[in-house]
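Please examine the sequence and the structure shown below. The paragraphs that follow lead through selected features.

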Amino acid sequence: MEKKKCPQCKNLILKTSPTCLYCGRPNKFITKEYVNKKWNKDNKNVLDYIFINKFIVFILLLIFTIVIIKFS
């Protein structure tokens, strides 16, 4: 993992950490764009995943009922 120096207390912190562990200074300043990018990405993937699963279940159920009707 890559580390960098905190500008305030000069201790080494990870680049991915949100705040400095020693002084509490934010590593990444939280902006509206940062929050929207972080949350919209996760929500979009979850909704797409749920929709695809429901569509596949619907198609399989439809095929299953057609096969039962045809062979009974």
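A search of the whole structure finds one salt bridge, that is, a side-chain nitrogen of Lys or Arg within 4 Å of a carboxyl oxygen of Asp or Glu. Lys15 and Glu2 form this bridge, with their closest N and O atoms 3.1 Å apart. The pair links distant parts of the chain, 13 residues apart: Glu2 belongs to the segment before strand E1 (3-5), and Lys15 to the loop between strand E2 (12-14) and helix H1 (32-71). Helices (H or I, at least four residues) and strands (E, at least two) are DSSP runs, numbered from the N terminus. Side chains of opposite charge can pair when their charged atoms come close.

This is a predicted model, in which local features need pLDDT of at least 70 and side-chain atom pairs count only at pLDDT 80 or more, while totals for chains, interfaces and linings use all residues. Residues are numbered from 1 along each chain as its sequence is written, and side-chain values use heavy atoms, leaving out hydrogens and water.

Relative accessible area describes how far a residue is covered: buried means under 20%, exposed over 50%, and partly exposed in between (1.4 Å probe, protein chains only). Glu2 is exposed, at 55%, and Lys15 is partly exposed, at 41%.

Ser17 also lies in the loop between E2 and H1. With a relative accessibility of 14%, Ser17 counts as buried. A polar atom of its side chain lies 2.9 Å from the backbone oxygen of Leu14, and the side chain of Ser17 reaches the backbone oxygen of Thr19 at 3.5 Å.

Note on methods. A polar contact is a pair of N or O atoms within 3.5 Å; within protein, one must be able to donate a hydrogen and the other to accept it, and residues adjacent in sequence count only if both atoms are side-chain atoms.
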